[in-house]
There are 2 protein chains.
Amino acid sequence: ALASPAIAQSMPKITWRCTSSFPKALDTIYGAAETMAEFVKGATDGNFEIQIFAAGEIVPGLQAADAAAAGTVEMAHTASYYYWGKDATYALGTAIPFGLNYRQQNAWLYYGGGNELLNEFYHTEGLHTLPCGNTGAQMGGWFRKEINTVEDLKGLKMRIGGMGGKIIEKLGVVPQQIAGGDIYPALEKGTIDATEWVGPYDDQKLGFNKVAQYYYYPGWWEGGPVLNAMFNKAKWDELPAAYQSVLDAACRAANADMMASYDYKNPAALRQLVADGAQLRPFSQEILEACYNAAMETYDEINASNPTFKKIYDNQLAFKKDAYLWAQLSEYTFDTFMMIQQRAGKL
Amino acid sequence: ALASPAIAQSMPKITWRCTSSFPKALDTIYGAAETMAEFVKGATDGNFEIQIFAAGEIVPGLQAADAAAAGTVEMAHTASYYYWGKDATYALGTAIPFGLNYRQQNAWLYYGGGNELLNEFYHTEGLHTLPCGNTGAQMGGWFRKEINTVEDLKGLKMRIGGMGGKIIEKLGVVPQQIAGGDIYPALEKGTIDATEWVGPYDDQKLGFNKVAQYYYYPGWWEGGPVLNAMFNKAKWDELPAAYQSVLDAACRAANADMMASYDYKNPAALRQLVADGAQLRPFSQEILEACYNAAMETYDEINASNPTFKKIYDNQLAFKKDAYLWAQLSEYTFDTFMMIQQRAGKL
């Protein structure tokens with residue numbers, strides 16, 4: 001028989017399934033997986049096809065990482081902090097409260113050794129991961145009443161999950177776990193007093209401004225949350241090197257593309273929400289400081305019992321200290337000056 | 001004869017030459033082209049190779065775009081604002097003073113139609129372009145004396161090029177064009193009073209802190225300058241679709257990668273520069289406002305005579321207005337709070 005040409009061996013026909021943790025309605029987050037798959041398909045001339053399945057089509061959204069680890073699917077597109085209950089280390093792959101912003105996440109993951117450290121952990125879980133999307137700093141969410149002091153948080157029933165919920169619970173908030181589609185009626189009926197979701201573009205689609213007019217910022221629990229491509233470790237290892245390279249470039253491209261997409265869509269959505277009655281409110285310094293202190297307590301607790309978390313947390317923290325020193329100079333003062341022009345109507 | 005398999009036809013063996021506008025010493029900027037080429041090579045299993053040549057190896061750095069347009073090389077890696085003297089429209093592809101920041105550039109280029117508008121122009125110049133790198137907001141540069149007022153700018157001899165130089169000339173600065181390697185002696189001898197370069201990581205290598213201790217920010221003429229992959233239009237059009245896809249993903253990945261690289265390297269370099277005696281100084285509000293007004297005058301002048309510039313400028317401006325409204329909420333307040341913690345030593 002004729003030997004196959006070398007190129008055909010290294011570019012085999014492969015079809016993978018990727019289970020997303022997100023519904024198609026979250027089109028920008030869900031879309032990052034599609035963007036990644038399009039780059040892969042285009043770059044391999046259609047030979048490497050990744051089919052994206054919405055949450056629930058193969059497994060429920062919160063089981064995406066498990067399905068990839070078990071080999072039910074070859075990969076998942078998810079937010080690793082969903083799995084922080086299994087091991088807090090998972091939270092570090094997406095975002096921890098008062099963590100890094102978008103640019104700092106990328107600097108730390110790609111250049112600070114962050115992704116390598118995370119993969120040391122993920123490999124023990126049967127997974128290999130690459131950053132594949134980011135929402136940027138999220139909004140703090142929708143509140144039926146103004147909250148000005150820490151006292152106002154006591155007894156507040158808020159739909160907020162993950163580590164942010166655990167932290168804010170220390171201040172008397174009663175965190176609620178409610179699926180996306182059930183939030184609006186709960187807020188309308190007063191079953192909950194507040195909810196966080198994502199940012200203007202996604203929040204507008206769910207219409208929260210009609211039932212809770214105060215729109216707070218920033219979402220301090222998600223300063224630059226990373227979406228993750230999580231590969232079954234064995235399937236990743238079996239891939240031809242060229243396909244690993246394609247996935248590497250495609251995930252990087254999709255990571256940046258998702259941020260650009262939100263940065264383009266959020267401004268117009270914000271403008272419309274305000275026109276529709278949303279009242280913008282910053283969290284008070286008092287509230288932010290109380291939440292910050294509660295977060296630091298939480299990290300002390302986790303670090304004391306989880307050496308894997310501590311190793312990665314300490315590495316991230318060392319970079320964070322320098323990064324926020326540098327960020328105060330050109331980036332911050334350039335933006336500040338431009339914002340002053342914007343407010344003065346001089347742009 | 002046996003027909004070649006389809007895959008071999010669509011993944012032909014190709015070698016391209018890419019002329020960079022930069023010396024290898026600017027390793028992060030020069031490196032973005034190498035990063036792009038590595039992704040391309042890896043993704044095509046070595047079939048599509050792009051060789052990067054430093055400034056001067058094939059043509060001088062400031063002739064890179066011309067060499068790509070003429071077909072001397074298949075592509076260039078450059079900063080389009082170098083060519084603004086030919087047509088001011090070129091400046092919009094990299095940065096205009098008081099323009100967009102890094103994230104806004106990407107949002108506008110990839111989602112706001114910016115890159116399509118720019119390519120309408122570039123196609124008439126024999127070029128096709130993709131964003132391929134960004135330095136983030138640059139520093140304002142090194143000054144031998146403190147400058148506090150607009151009066152202090154009068155007669156100041158500063159190494160600054162492009163549109164920033166033209167604008168600051170209106171305030172009495174005498175802009176100087178000096179190649180990278182000649183700046184240090186000029187500053188040491190007092191032939192010039194000030195120079196801008198890039199940011200801490202690159203500036204440190206040239207040692208400017210030894211001869212001009214005041215390090216100003218922000219570099220308002222470059223809030224988020226884009227590096228550009230510029231392809232010879234005919235060569236781009238001839239590429240198989242899969243290779244165009246590979247280049248699209250590779251340039252996006254390199255674009256984000258370069259920003260992450262600077263964001264990782266600049267903080268440590270800044271810390272070292274300050275330890276070595278650099279005195280950090282923000283430009284005063286008075287100076288920034290005078291420069292801003294001079295910039296707006298300049299745009300009025302260009303818009304009155306260059307309809308291509310005006311069309312793209314107006315499109316960018318419409319996005320900028322909304323973008324700086326949105327940026328004031330979560331991103332800015334999250335960063336502000338974190339910077340307060342950084343200054344308080346509480347990170």
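A salt bridge is a side-chain nitrogen of Lys or Arg within 4 Å of a carboxyl oxygen of Asp or Glu. With that rule in hand, the interface of chain B and chain A can be read: six salt bridges are found across it. The model examined here is a predicted one, and the values below are computed from it.

One of these bridges pairs Arg252(B) with Asp257(A), whose closest N and O atoms are 2.8 Å apart. Another salt bridge joins Arg103(B) to Asp263(A), and here too the closest N and O atoms are 2.8 Å apart. This second pair crosses between chains, running from helix H5 of chain B, where Arg103(B) sits, to helix H11 (residues 241-275) of chain A, which holds Asp263(A). For the whole structure, a search over all chains finds 32 salt bridges.

The wider picture of the contact comes next. Chain B contributes 86 residues to the contact, and chain A contributes 86 residues as well. Between them, about 8,100 Å² of area is buried, with carbon and sulfur atoms giving 68% of this. On the side of chain B, the residues that lose the most area to chain A are Tyr111(B), Trp326(B) and Phe334(B), which together account for 9% of what that side buries.

Polar contacts also link the two chains, with a count of 25 residue pairs, both members at pLDDT 80 or more. Several helices of chain B give two or more residues to the side that touches chain A, among them helix H1 (6-10), helix H2 (27-43), helix H5 (102-111) and helix H12 (285-305). The list also includes helix H13 (307-326) and helix H14 (330-343). The most is given by H11(B), with 19 residues. Sorted by class, the side of chain B that touches chain A has 48 nonpolar, 23 polar and 15 charged residues.

How are the two chains arranged relative to each other? In general, two copies of a chain are related by a rotation about an axis and a shift along it. In this model, chain B is superposed on chain A by a rotation of 180° with 0.0 Å of shift along its axis, at an RMSD of 0.0 Å. That is the relation of a two-fold axis. Among the residues of chain B, Ala253(B) comes closest to the rotation axis, its C-alpha lying at 2.3 Å. Both copies use the same surface, as 100% of the contact residues of chain B recur in chain A.

In one pair, the ring centres of Trp16(B) and Phe231(B) are 6.2 Å apart and the planes stand at 50°, so the pair is tilted. Distant parts of the chain are linked in this way: Trp16(B) belongs to strand E1 (residues 14-20) and Phe231(B) to strand E10 (residues 226-232) of chain B, 215 residues apart.

Finally, some details of the backbone deserve a look. In chain A, a cis peptide bond joins Tyr217(A) and Pro218(A), with omega at about -5°. Pro218(A) lies in the loop between strand E9 (214-217) and strand E10 (226-232) of chain A. In chain B, a cis peptide bond joins Tyr217(B) and Pro218(B), and omega is about -5°. Pro218(B) is found in the loop between strand E9 (214-217) and E10 of chain B. Asp45(A) has a positive phi of about 55°, although it is not a glycine. The place of Asp45(A) is the loop between helix H2 (27-43) and strand E2 (48-53) of chain A.

Conventions
Residues numbered from 1 in each chain as written. Chains lettered and ligands numbered in written order. Predicted model: local features only at pLDDT ≥ 70, side-chain atom pairs only at ≥ 80, totals over all residues. Heavy atoms only, no water. Contact = heavy atoms within 4.5 Å. Buried area = accessible area lost by both parts, 1.4 Å probe. Polar contact = N/O pair within 3.5 Å; in protein donor to acceptor, adjacent residues only side chain to side chain. Helix = DSSP H or I, 4+ residues; strand = E, 2+ residues; numbered from the N terminus. Nonpolar A, V, L, I, M, F, W, Y, C, P; charged D, E, K, R; others polar. Least-squares fit on C-alpha atoms with pLDDT ≥ 70 in both. Phe/Tyr/Trp six-rings, centres within 6.5 Å; stacked < 30°, edge-to-face > 60°.
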